[in-house]
Amino acid sequence: MSEIIASDKKHVWHHLTQHSVFDSSDPMIIESGEGMRVTDINGKTFLDATSGGVWSVNVGYGRTEIADAVRDQLLKMCYFANSAGNVPAAEYAAALIDKMPGMSRVYFSNSGSEANEKAYKMVRQLAHINGNGEKYKIIYRDRDYHGTTIGALSSTGQAERREQYGPFVPGFSSFSHCCCYRCPFGKTYGECNIECAQDLERAILEEGPETVGSVVLEPITAGGGVIPPVPEYFPIIQEICKKYDVLLHIDEVVCGLGRTGTWFGYQNYDVKPDFVTMAKGVASGYAAISCTVTTEAVFEKFKAPASERMPYFRDISTFGGCTAGPTAGLKTLEILEREELLSNVKKMGTYLMEGLHHLKNRFPVIGDVRGKGLFAGIELVTDRESKTPAPESYAVQIAGACAKNGLLIGRTNRSFDLFNNTLCLSPALIATKGDIEEIVSIIERSFEATPLQN
Ligand SMILES: Cc1ncc(COP(=O)(O)O)c(C=O)c1O
């Protein structure tokens, strides 16, 4: 055991980690998992309210049937480049499209970032197919995250995450976030004109509508602080996209496959996307897979008579041909349906939100609670009147206290200066009432034991 820790400390470069912390402490090494719980190498078990740290293991740990299906498939046919087909990919694509009325084609790759990059490349190529290549720009939203590759980071509205990684790819520009608690227009919902959505029109006009190909949005901003839009939001976005012939790309990397109680986050709202990208929950963390899904109308644009100069999508993702991903994806879908997990998410989500409102009533340091389904954020402030964000170090302390008490929670992490003050909850979709009670009660104890020091 100490050998593993020593090897880790000597050779592993952990994600999102300032390694000087390991001068005086050891990294957490997770060794096993079952259902909602994980156990570290020292034998300490945690209730995991993060689904694997970053919203991924939606059907919980230790699913023998997924492991068995993947094993059987790998022995039969592990991999062939996706320029050819494979059986689980065809089956999974059909099963997925069945959940997405209006969508038609699935392009497989490996990560959320990559899925988004594929959509960006499609938009750029469409600009050439449809015209002179001018309509290539992509608008993104403040506080949204779309991935770690330079293209995806160029479309990410989190300044601190981008810091020191520039210069960025040209052709990306931003519009306003939609967090009512911190309305960028100083308005109050109910008395506003949904200026946050209208701001998309400003961004398109500023760039020039003839140059804007698409807008990319998370259905609910995830890592940017768990921000669900108001119901009027997406219909306005859709109208503006239609008006300027701009394609709508919804990034479902976090919300996709049940997290919010519908198959996809956008299905909570009245909107029809042209691209939907997804990754984390697709195979519930049992295999690496991501999908860029689009309409038949977009797909048709990439077809041409064989004699014409290649307009087809000249892109490949080597491991988009792995069969483990769609096999685990199929089993994940089967489990979601058989165990009626979407309706569980709705029920448990309501229960979780009630618990969080109870905490908000008890602790003035909680300025706002928000979310949908089994996806929630707790925004911390130094005082409710001024809404001054609590320092990131306080969110770290609360998350640390929860871990000490046997609960893993997430938080906004060096994303935007001064606003890394939201705790994030995303338990597996199998969570029971007992699990939710335990989550809320451990957070309650952790706040009691960790007052904010001014
Ligand atoms: C909304 C969203 N899009 C894209 C990504 C990037 O996914 P990946 O880390 O698989 O590249 C993430 C990752 O957290 C995400 O939250």
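1. Phe363 and Phe447 are both buried, meaning under 20% relative accessible area, with exposed over 50% and partly exposed in between (1.4 Å probe, protein chains only). This is a predicted model, where local features need pLDDT of at least 70 and side-chain atom pairs count only at pLDDT 80 or more, while totals for chains, interfaces and linings use all residues. Residues are numbered from 1 along each chain as its sequence is written, and side-chain values use heavy atoms, with hydrogens and water left out.

2. On to the rings: the structure holds ten aromatic pairs (Phe, Tyr and Trp, the last by its six-membered ring, with centres within 6.5 Å; planes under 30 degrees apart are stacked, over 60 edge-to-face, the rest tilted). Trp55 and Phe375 have ring centres 6.3 Å apart and planes at 80 degrees, so they pair edge-to-face. Trp55 belongs to helix H2 (residues 51–55) and Phe375 to the loop between strand S11 (366–371) and S12, so the pair ties together parts 320 residues apart in sequence. Helices (H or I, at least four residues) and strands (E, at least two) are DSSP runs, numbered from the N terminus.

3. Both partners can be checked for burial: Trp55 is buried at 14% relative accessible area, and Phe375 is buried at 0%.

4. Back to Phe363 and Phe447: their ring centres are 5.2 Å apart and their planes at 25 degrees, so this pair is stacked. Phe363 sits in the loop between helix H12 (341–362) and S11, and Phe447 in helix H14, 84 residues apart.

5. One aromatic cluster is worth a look too: Tyr107, Phe302 and Phe313 form it.
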